[in-house]
Amino acid sequence: MRWSCRFVVVAALAGCAATEGNREEAQKRLKAGYMLREREDFGGAARAFAAAINQDPSFGQAHMELGIEYLRYGLRIEDAAEEFARAAALDPSLWMASQYRVLALYGLGDKKGALAAQKALVERE
């Protein structure tokens, strides 16, 4: 019984019946991700942010938060840079996504890319 309850929760977070652009459901999953992050359940937070994206792929904030979790692990830095780029493209007001992208590119050893991204950010301001 306990295992099946976990499956139901995971399936719900994954957004099994998600419809594209469901911002209200995406907001709920984003909030769940913040709560999990606060409890230091970073893997759970990443899954919740991914579920938010599944609910609404155009939700820039969710892409940025997922990128932050990828960056936290230090193992998925390339994925983090991609999530930050998506977030900034979807919502230009998320300047932090662009700044995090600079950090991710630098972490990948792409110093020229990081510098170019930083210059673009400064020029945008």
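**Helix packing around H6**

H5 crosses H6 in a left-handed sense (the near helix is turned anticlockwise from the far one by less than a right angle; clockwise would be right-handed). The model here is a predicted one, with local features needing pLDDT of at least 70 and side-chain atom pairs counted only at pLDDT 80 or more, while totals for chains, interfaces and linings use all residues. Numbering starts from 1 along each chain as its sequence is written, and side-chain values rest on heavy atoms, with hydrogens and water left out.

Helices here are DSSP runs of H or I with at least four residues, numbered from the N terminus. Helix H5 (residues 77-90) packs on H6 at about 155°, the axes lying 8 Å apart (lines fitted to C-alpha atoms over the stretch in contact, with angles from 0 to 180 degrees between N-to-C directions). That makes H5 roughly antiparallel to H6, a label for angles over 145 degrees. On the H5 side, the contact (heavy atoms within 4.5 Å) is made by Ile-77, Ala-81, Phe-84, Ala-85, Ala-87 and Ala-88; H6 brings in residues including Tyr-100, Ala-104 and Gly-107.

Among the residues in contact are Trp-95, Val-102 and Tyr-106 of H6 and Lys-111, Ala-114 and Leu-121 of H7. This contact divides into 7 nonpolar, 4 polar and 3 charged residues.

Definitions and conventions
Helices (H or I, at least four residues) and strands (E, at least two) are DSSP runs, numbered from the N terminus. Ala, Val, Leu, Ile, Met, Phe, Trp, Tyr, Cys and Pro count as nonpolar, Asp, Glu, Lys and Arg as charged, and the others, Gly among them, as polar. Angles under 35 degrees count as roughly parallel, over 145 as roughly antiparallel, 65 to 115 as roughly perpendicular and the rest as oblique.
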